[in-house]
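Visitor: I have a new model on my screen and would like a guided tour. Could you take my questions one at a time?
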Amino acid sequence: MIGDVVETKPCQPKVPMDLFHSGQVVKICAPMVRYSKLAFRTLVRKYKCDLCYTPMIVAADFVRSAKARDSEFTTNKGDHPLIVQFAAKEAQVLCDAARIISPFADGIDLNCGCPQRWAMAEGYGACLINKPELIQDMVRHIRNQIDNPRFSVSIKIRIHEDLKRTVDLCQKAEATGVSWITVHGRSVEERHQPVHYDAIKIVKQSLSIPVVANGDVKTLKDTENVHHLTGADGVMVARGLLANPAMFAGYEETPLKCIQDWVDIALEHGTPFTCFHHHLMYMMERITSKQEKKVFNVLSSTSAVLDYLNDHYGV
């Protein structure tokens, strides 16, 4: 279940709540299906990312199957602070998953925001924002059964069309002992519409626990703007970090050093080719011409990719 131990840099606070009390906006790598795995988390941590989430894991599978645990979750000594995100719809199942994970992570997050049809059909993800009592029950179970007070329990939500319902949900979760709430500033129906930062601000003003803003952040400047617009304590980024893992360190586009770091880390971790290649496609999007993309994006082996990078970029 635990991957090879790889020492990575900083002496940062090892507990997420310490970050939220540091007075700085907390820079967070979002849970991304297939992408926010150990190798990528290792990369973004080198470039001033404070806190990383795993991809969403279905709690019931994780509890039931050792095979699922091994394939879904790997970590190492340098992979902290770390939040494991679960999809769940039963309090005891989520609690069992949290108990298994608690020795290896700093907290868990309950996904109440995934709008994908399969998740909603199974009773996971964004349909939970309409079940505040169930969310309370889940948080309560974990608080009662995990005796480490420094282990965090957070939730990630989308907003309702009627924002009063969102505020009510968040206040109920806060009353039950949730550590912080991440708010993606779109409703379940909205995909590429502008993010409602005003809604995140209202949620933040209604709570005394930390709030994390999520949605459409592409640069370090965006991070600062969203922090000022919403008053949020942290900013969570998904696609912006895929396109530029060095974003939080202030780079406008992916520097070659970061591409080199990704190659080294991915090879060291034995990252599967498709994942290794896809990350590079995202990272090089802004720095390659249309013609170069045509060639690079159809390369089909690690050695072909390494040769290309060496020939064209000296990486």
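Visitor: How far apart do the end C-alpha atoms of residues 29–292 lie?
Guide: A word on the source: this is a predicted model, where local features need pLDDT of at least 70, side-chain atom pairs count only at pLDDT 80 or more, and totals for chains, interfaces and linings use all residues. Residues are numbered from 1 along each chain as its sequence is written, and side-chain values use heavy atoms, leaving out hydrogens and water. UniProt, in an unreviewed entry, places "domain: DUS-like FMN-binding" at residues 29–292; its positions follow the numbering used here, feature names are shortened, and annotations may be inferred rather than shown by experiment. The span is 46% helix and 14% strand, and its end C-alpha atoms are separated by 28 Å.

Visitor: What distance separates the centres of domain 1 and domain 2?
Guide: The domain assignment, automatic or from a database, gives domain 1 as 16–246 and domain 2 as 256–313. Taken over C-alpha atoms, their centres are separated by 29 Å.

Visitor: What area is buried between domain 1 and domain 2?
Guide: Buried area is the accessible area (1.4 Å probe) that two parts lose on being put together, summed over both. Carbon and sulfur atoms give 67% of the area between domain 1 and domain 2, and the total is about 1300 Å².

Visitor: Which element gives the most to the side of domain 1 that touches domain 2?
Guide: Helices here are DSSP runs (H or I, at least four residues), strands are runs of E (at least two), and both are numbered from the N terminus. Helix H2 (38–46) and helix H11 (239–243) are the elements giving two or more residues to that side of domain 1. The top contributor, with six residues, is H2.

Visitor: Which residue forms a salt bridge with Asp79?
Guide: A salt bridge means a side-chain nitrogen of Lys or Arg within 4 Å of a carboxyl oxygen of Asp or Glu. The structure holds twelve salt bridges, while the count between domain 1 and domain 2 is zero. For Asp79, the closest N and O atoms are 3.0 Å apart, and the partner is Arg45.

Visitor: Why does that pair tie together parts that are apart in sequence?
Guide: Asp79 sits in the loop between helix H4 (66–72) and strand E4 (82–87), whereas Arg45 belongs to helix H2. The pair therefore links parts whose separation in sequence is 34 residues.

Visitor: Is the peptide bond from His80 to Pro81 cis or trans?
Guide: Pro81 lies in the loop between H4 and E4. With omega near -5°, the bond from His80 to Pro81 is cis.
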